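Look over the sequence and the model before reading on.

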Amino acid sequence: MRHTQAETVLGSLTLVADGDAITAVYFPVHWTLPQKASFGERVGEDALLDDAARQLREYLAGERREFELTTAPRGNAFQLAVWGLLREIPYGATTTYGTLAEHLGGRGLAQTVGQAVGHNPLGIVVPCHRVIGSDGSLTGYAGGLDRKRFLLELEEPPEVKARRLF
């Protein structure tokens with residue numbers, strides 16, 4: 001285990017790796033931030049972490065739509081299933097907690113899905129920001145609603161941007 005800090009327009013992100021896989025991307029004020037001791041040693045130069053930082057900066061600059069990273073998030077079977085569904089949400093699209101819950105067995109699972117989404121350790125890379133409330137509202141985000149809004153606006157299709165009044 002090892003980690004580094006990547007300076008971005010969204011603040012200093014903590015990138016964590018284990019072996020040849022990225023295991024976490026955390027915001028400075030991440031809701032579910034584990035103990036820093038679990039990140040392993042802080043490293044300077046590291047090919048994998050440097051590549052992940054570069055790809056994140058490209059994405060945040062609107063120069064990249066997909067990540068080419070090996071990832072290995074840690075979670076239980078249900079969380080891994082939810083995070084797998086998050087990866088299927090296309091760039092520029094959104095879905096709801098209820099829709100994800102239906103894929104996993106029924107709308108009654110929406111709150112449990114929400115908890116799994118909130119514990120996604122790979123913020124941005126696994127696009128939990130693309131999950132919104134059933135009424136279209138921005139709901140909780142581990143990095144804060146301002147960051148969620150930024151990410152959704154970054155991905156917003158041009159025709160939608162053109163219709164916006166603000």
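Tyr-26 and Phe-39 are both buried in this predicted model. A search of the whole structure finds four aromatic pairs. The rings of Tyr-26 and Phe-39 form one that is stacked, because their planes meet at 20 degrees, under the 30 degrees that sets the limit for stacking.

**Tyr-26 and Phe-39**
- The ring centres of Tyr-26 and Phe-39 lie 5.5 Å apart.
- Tyr-26 sits in strand S3, residues 21-26.
- Phe-39 sits in the loop between S3 and strand S4, which spans 41-42.
- The pair links distant parts of the chain, 13 residues apart.

**Tyr-59 and Tyr-91**
- Tyr-59 and Tyr-91 pair edge-to-face, with 85 degrees between the planes.
- Their centres are 6.3 Å apart.
- Tyr-59 belongs to helix H1, residues 47-60.
- Tyr-91 lies in the loop between helix H2 (77-87) and strand S5 (95-96).
- The two residues are 32 apart in sequence, so their pairing ties together separate parts of the chain.
- Tyr-59 has 1% relative accessibility and therefore counts as buried, since the cut-off is under 20%.
- Ring pairs also bring in Phe-67, giving a cluster of Tyr-59, Phe-67 and Tyr-91.

**Ala-93**
- Ala-93 is also placed in the loop between H2 and S5.
- Its relative accessible area is 24%, so Ala-93 is partly exposed.
- Ala-93 and Leu-152 are 59 residues apart in sequence.
- In space, the C-alpha atoms of Ala-93 and Leu-152 are 8.6 Å apart.

Definitions and conventions. Residues numbered from 1 in each chain as written. Predicted model: local features only at pLDDT ≥ 70, side-chain atom pairs only at ≥ 80, totals over all residues. Heavy atoms only, no water. Phe/Tyr/Trp six-rings, centres within 6.5 Å; stacked < 30°, edge-to-face > 60°. Helix = DSSP H or I, 4+ residues; strand = E, 2+ residues; numbered from the N terminus. Buried < 20%, exposed > 50% of the residue type's maximum accessible area, 1.4 Å probe, protein only.
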